[in-house]
Every structure is written in structure tokens, then in C-alpha cells.
Amino acid sequence: MIGYGTWLGAVRQLTLGLAVLLLAMPAMAAPSRLVADLSDSHVDITSSYHGTELILFGAYEGAPGDDLVLIVEGPATDIAQRRKEKKAGIWVNGETLVWQQAPSFYHVFATDDLAAIADKDALSKADVGPLARGLMLVAGEAQGSNGHGGGALATTGAVTAGTAAQQAGLSRNMNNNGLWQLQPALISTQQDMLFRAQLSLPSNVPTGDYLVRVLHFRDGVAISEKTTDMNIRKAGLSALIYRFAHEYSVFYGLFAIVFAVASGWLAAVAFRRG
Amino acid sequence: MYIYLPIAEVSMHIGIIIGLGGGVGFLSGLFGVGGGFLMTPLLIFFGIPPAVAVATEANQIVASSVSGVLAHMRRGNVDFKMGGILMVGGVIGSSLGVALFSFLREIGQIDLVIQLSYVVFLGIIGMLMLSESIRTIIRSRKSGAVRGKLHQHNWLHGLPLKMRFRRSKLYISAIMPLLLGAFVGILAAIMGVGGGFIMVPAMIYLLGMPTSVVVGTSLFQIIFVTANVTLLQSIQTQTVDFVLAGLLLFGAVIGAQFGSRAGALLRGEQLRGLLALMVLGVCIKIGYDLVIQPEDLLSVELLR
């Protein structure tokens, strides 16, 4: 006579086996299924914004030894790179070089060191790392830049890929201002099925359309990729003031003066009585 | 509580902004100066982009000068005719200054020029003030001062376009105040200051104006120079952050009240000596940063 417990165990084993089979079947037909989503795909920068955290999560059909690479990439922008030189005893900015259309934000998450996941060629082929796609460095002038963006670019020199030192400097500077994170933050997975990463947006996060890419690596090759969108916008009062300043700059300037004169006068009156 | 500054595009703790305003306001009330030469470097130190710091500080100085000039007007300590000519020069000079500012930013040298201007002009003014106040302190101990002429006559008094300035008891060429206004206007636009720390001694020693009217007249023309900078920077570079300016002002107004009360406890030459030390301190700090090797020779800027 077969015990009830043993019978139940057999059923459980059968179900598990079936489930594994069902999961494995599409993997043989198609690359591998992968879904990804964000806890919030719209980030508003309001007056009280001081950085924020998002959860990037999803599911994949993994096998033991598989790896995931997550990339959060901000809108492309020109990045001026300046080098200080000593002239007449003081440190001054020397030549300005411009990295063309580089990602303004680039954070990498992975289940392991990138070098352990795949070799350089495979990573480059899968477009991992902002320098993988061959960023170009141009001698040029940042025209009309206002210290925090808003400029254009006038190229005056040859286009190069940049020296190793220039590339390292770009990565280092962008890492220090919190906009790039090329050394991947480790993420953990559950039973090769679920993943979850915590994305911290700094307070100086660039606005615009972002792309979130999730890559599934097996044996050093990217077998599947899923992308999802995210956008970061100024909102509320801070958006209003920014638009006012940029679109009606004459009125903004006059308003700033009237505001200053009125508050200065008010302060004088208030403290004369007090 | 943090506040995201819409034009500076950084978030800062509201307590830090008001505290900065209050601290600099206290010192400006204590010494009777605008405090732009302290505020602009401090804002840059706290991570506000230099261009935004300079333009926003101009906006704040409009407010603090209006607030300050009203008391001087009530006492009749403003020479409007002299102020008007200085203002014309100042508006021309600050317009040139804003254009120069844009040009220097394009070639990536604005930070250097701001720093050098601070080192040179704070250094000169600080040294002059310090030696003057030390001499006064020594002389007051010896006592028995010799009464000199009202002012020295020199080649400047030979220039054409002579005008009579009743309030200042002067009959001098209009070219001098015009050039002085223009020169200080250029510096005001580049350094993010009102320029009182140069204007006031220049009015006394160069133009020979009586000390009773210099501060009021200087404040009067600073209003127009900084208003002009505010407008031009708003149009050309969109770097005036009036949220930041308003919060700084709020702190500064309160700080200035305590400062002027504390100032009544100290003697004039002691105050000037302390102010001179502070001016030299800022000069040395900025000069030191120019001379030592930066930690990282490379830097980046997003152009967008």
C-alpha cells in the first residue's frame, strides 16, 4: 500500500518536473524570456526634490551560472573636458576637449564583475559601457555654456577616440559627480528567476528620456535583452520658474528686479518699525 | 528641508541658504558693506555653479542696497547728481562686464578671471584698509592730529567737463566719476559684487567726497548697476535664480539687524581693521587655491 505522504510527494515531484519542462521549452525555441519594470517610470523634479530611489525589478528564465547586467542610461549630451595646466605659477584651464553625444547618466548594475560575466568583445558587442560604442573626442569650444549646461559645441579640431588617460578622466569625473557608475553595483537574484536593483538618482540628475536595459548573459554571451523607458522632468513650481526664465527671459529679469526692490523696501520698512 | 533651486539646478538645505544669508548679513551690518565679496565665493564653495552665483548675487544686492539706501536718503546722505553720473558709468561698465563674462565663459576661463579679480582687488583694498586702520589706531594713541586740506588738488582736477556737486561740496570734471563708475561696473559684473568696497575708498581718496555721503551715494548707484547685471544676465545666460536670491535675502535682512547693533559696540578704526583682515582672508584663500596643484587636473562640464 502506498502511503498518502509518498503519493503527495510523487505528485509534487511531477508538478515540479512539469513546471521545469514548461519553463525550459520556450527557452529552447526562443532566446529566453525576460521582463523588467520600474517602481516609477516618471520622476518629477519638484521644489522639494533631493534625489530619489527607484526599484528596478523583473523576471528572467535563468540557469545556475547565468548573469544579468542592468544599465540605466540618460539622454546623450556633449561633455566638455578641461585640463588644468600650470602657467606663470597658477593653475589655469588649458585646452577644452568635447566628448560628443556621451550619456549624461550611466549607472551599471550586475550580478558579478563585468570581467567575470563576459570578455571585452562580448561586452562591447552587447553595448555595455559608455565607451563601448566608441565615443568621440573633439577639440572644440563650448559655446555659450553657462556653467551648468545650456551650451552648444563648435568643433575646431580633429576627431579622436581619446587617449586612455582622457577616457579614464571622463569616467572618473563623471563618477565623482554621481552621474556615472561604471563599476557595477551588485544585484542579487532569486532562484535564477527574479531580480531586483535599487537605483539612486542624485540631486543633480539630468532631465530627459532615459533608457533602462536589462541583458541576460549565459556562458559569456548576451542571449536576451529587454528595454524599458523612464523619463525625468522638472515639474510644479520649479518647472514653471525654469520655463519662465528661459522663454520670457526679459520679463524674468524685470520680475527679478521688481521682486528685489520690493523685498528690499519691505525689509527696510519692517525693521524701521521694529 | 531641502529645496531644489530651479535655475542653479541643485538642491540645497534651506537652513544652509538662510544661514549663509544671515551670516553674511550680520557681517555686512557690522561693517557697513554689501557682503557680495563674501557671498559669491561662499555660494561657489557650496556647489552653486559660478555663473549662477555671480548673477544671483547681483539680484540679491539690488534688494539689500534698496533696503540700505532708504535710511541714508532719510538723513539726506545721498548725492543724487554724483550718484547719477556714477550710475551712467556703472550701467555702461556693467554691460561691458556682462559681455566680457559671456566671452570668458565661452573660452572656459571665467573661473580663472573671477578668482584673479578677487585676489588682486581684495588684496589691494585689504592692504590699504589694514594699513590705514593701523595708522589711525597708532595716531589716536599719540593724539594731537594735524588738520589737513579738505582734499588734495592734482592733475585730475585739470580735466574738462567740470560740474558742481553741491551735496559733496565739489567742483570737478564729470569724466572722473564716469570712468570710476564704468570701472567698478565691469568688476561688479564679473565678480558678482556691488563694488562698494572699491567705490567707497575711491570716492573718498580719488574724488575727494566727504565721508558722510559716500556710503549712501555708493548704495544708490549700486542699485542700478546690479539691476542692470540682473537684467542682462537673465537675458543672455538665464543664470539668475530668484528663489536662491530671495532666501539669501531673507537671512541677510535679519542678520544685518544684529550686525549693525554689534557694530555700535566697536570703534570705527577697529571695525575697519577687522574688515581688512576678513577681506585679506578671502583674498589669501582664493589665491592659495590658484597656486596649489588641484587634486584632479581634469574636469568635466555637461553642455546639453
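In chain A of this predicted model, 68% of the contacts between residues at least 6 apart in sequence join residues at least 24 apart. The chain contains 6 helices and 14 strands, and buried residues account for 30% of its 274 residues.

The mean pLDDT is 83, with 81% of the residues of chain A at 70 or more. Among the elements of this chain, strand S7 (residues 106–110) of chain A has the highest mean pLDDT, 95, whereas helix H1 (residues 4–29) of chain A has the lowest, 51. Over residues 24–29 of chain A the pLDDT falls below 50, and this stretch has 3 contacts in the model beyond near neighbours in sequence. Residues 142–153 of chain A also have pLDDT below 50, but 47 contacts beyond near neighbours in sequence are found for this stretch. Where pLDDT is low, the predicted coordinates should not be read in detail.

The largest nonpolar core comprises 149 residues, and the members that touch the most others are Val69(A), Leu70(A), Ile79(A), Ile223(B) and Leu248(B). The element that gives the most to this core is helix H8 (residues 211–236) of chain B, with 13 residues. When residues up to four places away in sequence are not counted, Val69(A) touches Val108(A), Ala110(A), Ile117(A), Val128(A), Leu215(A) and Phe217(A).

Between the two chains, 61 residues of chain A are in contact with 56 residues of chain B. On the side of chain B that touches chain A, two or more residues come from each of several elements, including strand S1 (2–5), strand S2 (10–13), helix H4 (80–106), helix H10 (268–291) and strand S5 (298–302) of chain B. H8(B) and H9(B) also belong to this group. The largest share, 12 residues, is given by H3(B), a helix that spans residues 50–74 of chain B. By class, this side of chain B consists of 34 nonpolar, 16 polar and 6 charged residues.

Within chain B, helix H1 (residues 14–31) and helix H9 (residues 242–263) form a helix pair. Two packed helices are described by the angle between their axes and the distance between the axes. For H1(B) and H9(B), the axes come within 5 Å and cross at roughly 35°. The crossing of H1(B) past H9(B) is right-handed. The residues of this contact divide into 19 nonpolar and 13 polar, with no charged residues.

Key:
Residues numbered from 1 in each chain as written. Chains lettered and ligands numbered in written order. Predicted model: local features only at pLDDT ≥ 70, side-chain atom pairs only at ≥ 80, totals over all residues. Axes fitted to C-alpha atoms, helices over the stretch in contact; angles between N-to-C directions. Helix = DSSP H or I, 4+ residues; strand = E, 2+ residues; numbered from the N terminus. Left-handed = near helix turned anticlockwise from the far one by under 90°. Nonpolar A, V, L, I, M, F, W, Y, C, P; charged D, E, K, R; others polar. pLDDT = per-residue confidence, 0-100. Contact = placed C-beta atoms within 7 Å. Core = buried A, V, L, I, M, F, W, Y, C linked by C-beta atoms within 7 Å. Buried ≥ 20, exposed ≤ 12 C-beta atoms within 10 Å, placed from the backbone.
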